[in-house]
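User: I am new to reading protein models and would like to learn how to describe one step by step. Could you guide me through the one shown here?

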Amino acid sequence: MKVLLINPPYFNSKYKFIGLVAPPLGIAYIAAVLEENNIDVEIIDAAALEMSWETLETEIKRISPGLVAITALTPTIDKAMLTAELAKKTCPQATVVMGGYHPTFNYQEILEREYVDVVVMGEGEYTLLDLVETLDEGGDLKNVQGIAYEGGVTSPRPLIEDLDELPFPARHLLPMDHYKILNMKLHTATMISGRGCPMQCSFCASAALHGHQLRMRSPENVVDEMEHLINDHDSGMIAFMDDTFTLKPSRVEDICDEIKRRDIDVYWGCTARADTLSEKLLRKLSDSGCITMFLGVESADQQQLDRVNKQMTIEKIRQAFKLSRENDIRTIASVVLGMPGDTKESIERTIKFVRELNPSYALFSLATPYPGTRFYQEAVQDNLIKVKDWSKYTLLSPVLETVDCSMDELKKMQKKAFRQFYLRPVYLIKQVRMDGPIILKTVAAMIKEV
């Protein structure tokens, strides 16, 4: 059976305005597992290619798959549904499958549409393999773990315990020259070194999908993939997209040591928790090529951090940014404006706090309750959600109100936050010296977008 995996057309990514276009690693992992089992598979990353609906239809017709699997996030679900409808119209005999974060937690909503046959819930690599083999053999779908279909919901598929057993993502099926970070012209690649997160942040959908048990690839396996990216894909920049790459510092040190031992020369970046960063770890990160870290700040209000169960202190956040600067590592500060309990005063304090932290970049997101999170459950229970249009769940559009902030006021405060941070002459001069004139294009895109 010919299998086609699609990342649907999407022109308003919440990160595209800061120059980030990232490959869909989820379906690339699935493709690799299918190829490993001698299944003919192709990928269409319609988002990265900025593909029109007419071109997508032509491509589906050309490939003529027996199964079409579409990945979807909450803000892309509408485009994913249009893709599913197009696939069913173009190849009526094909089985149309949908997976990803949003379908996992909203499978009933998805299956109401007659053009979606199966929803894959949770990690999809072995579920889709099982599904393809079952369909090929004329078997019963009730025996495939981890799916929902018109006939019911099967038992959950256990999480993949040994991530080293997975083949590297099938990047040869992706348009690798279309991916970038901060508009840098370096060949950019992304990686995931582990899955799951033991933290209990109320707004995080990733742990809901991948579980609260931290499953980590071995340092050797991680660095093997880095070498593969450099040698086979000419990657000059690698970004680790883990929920929190630094959650286990000793293992991060082992990865840094392995990079140094193999004398690998590459720039890379990662996600981090402020309370995991020591002088020793940051020195190792910097020495092994790490130039950028994404740090969740969320709020300058300790009460708000406690309310979302961040398990973090303001002082640890301050110290992390200070140490990162001293070790020449760029930082991206991520904050959330408009969580329940936020006030105009607390939001203003957070905006000011971010400037005091002096990160290289800052992202000011609006609180967005994603299905599968405790935040979403509480927002529904307390009737806080004012917008039901999933396409607005981009972190840039307000979908709820706070105690004393309307949605219009929240949007104005977000705009103010971006402008006050980026439109500072001292900041712009510093960043141009560090990253070159490209920063001006990135800043201009940010200001225009928000």
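User: Among contacts in the chain between residues at least 6 apart in sequence, what percentage join residues at least 24 apart?

Analyst: Please keep in mind that this is a predicted model. In the chain, 73% of the contacts between residues at least 6 apart in sequence join residues that are at least 24 apart. The chain itself has 17 helices and 15 strands.

User: What radius of gyration does the chain have, and how many of its residues count as buried, as a percentage?

Analyst: A compact globule of 450 residues would have a radius of gyration near 22 Å, and because the chain has 22 Å, the value agrees with that expectation. Taken along the principal axes, the C-alpha atoms fill a box of roughly 65 × 55 × 40 Å, and 56% of the 450 residues count as buried.

User: How should I read the packing of two helices, and at what angle do α13 and α15 cross?

Analyst: In general, two packed helices are described by the angle between their axes and the distance between the axes. Here the axes of helix α13 (residues 344-357) and helix α15 (residues 407-422) come within 10 Å and cross at roughly 20°. Angles under 35 degrees count as roughly parallel, and α13 and α15 are therefore roughly parallel to each other. Their crossing is right-handed.

User: Which residues of α13 and α15 make the contact?

Analyst: On α13 the contact is made by K344, I347, E348, I351, V354 and R355, while α15 contributes E409, L410, M413, K416, A417, Q420 and F421. Sorted by class, this contact of α13 with α15 has seven nonpolar, one polar and five charged residues.

How values were computed. Residues are numbered from 1 along each chain as its sequence is written. This is a predicted model: local features need pLDDT of at least 70, side-chain atom pairs count only at pLDDT 80 or more; totals for chains, interfaces and linings use all residues. Side-chain values use heavy atoms; hydrogens and water are left out. Axes are lines fitted to C-alpha atoms, for helices over the stretch in contact, and angles run from 0 to 180 degrees between N-to-C directions. Helices (H or I, at least four residues) and strands (E, at least two) are DSSP runs, numbered from the N terminus. Angles under 35 degrees count as roughly parallel, over 145 as roughly antiparallel, 65 to 115 as roughly perpendicular and the rest as oblique. A crossing is left-handed if the near helix is turned anticlockwise from the far one by less than a right angle, and right-handed if clockwise. Contact means heavy atoms within 4.5 Å. Ala, Val, Leu, Ile, Met, Phe, Trp, Tyr, Cys and Pro count as nonpolar, Asp, Glu, Lys and Arg as charged, and the others, Gly among them, as polar. The radius of gyration is taken over C-alpha atoms; the globule rule is 2.2 Å times the number of residues to the power 0.38. Buried means under 20% relative accessible area, exposed over 50%, partly exposed in between (1.4 Å probe, protein chains only).
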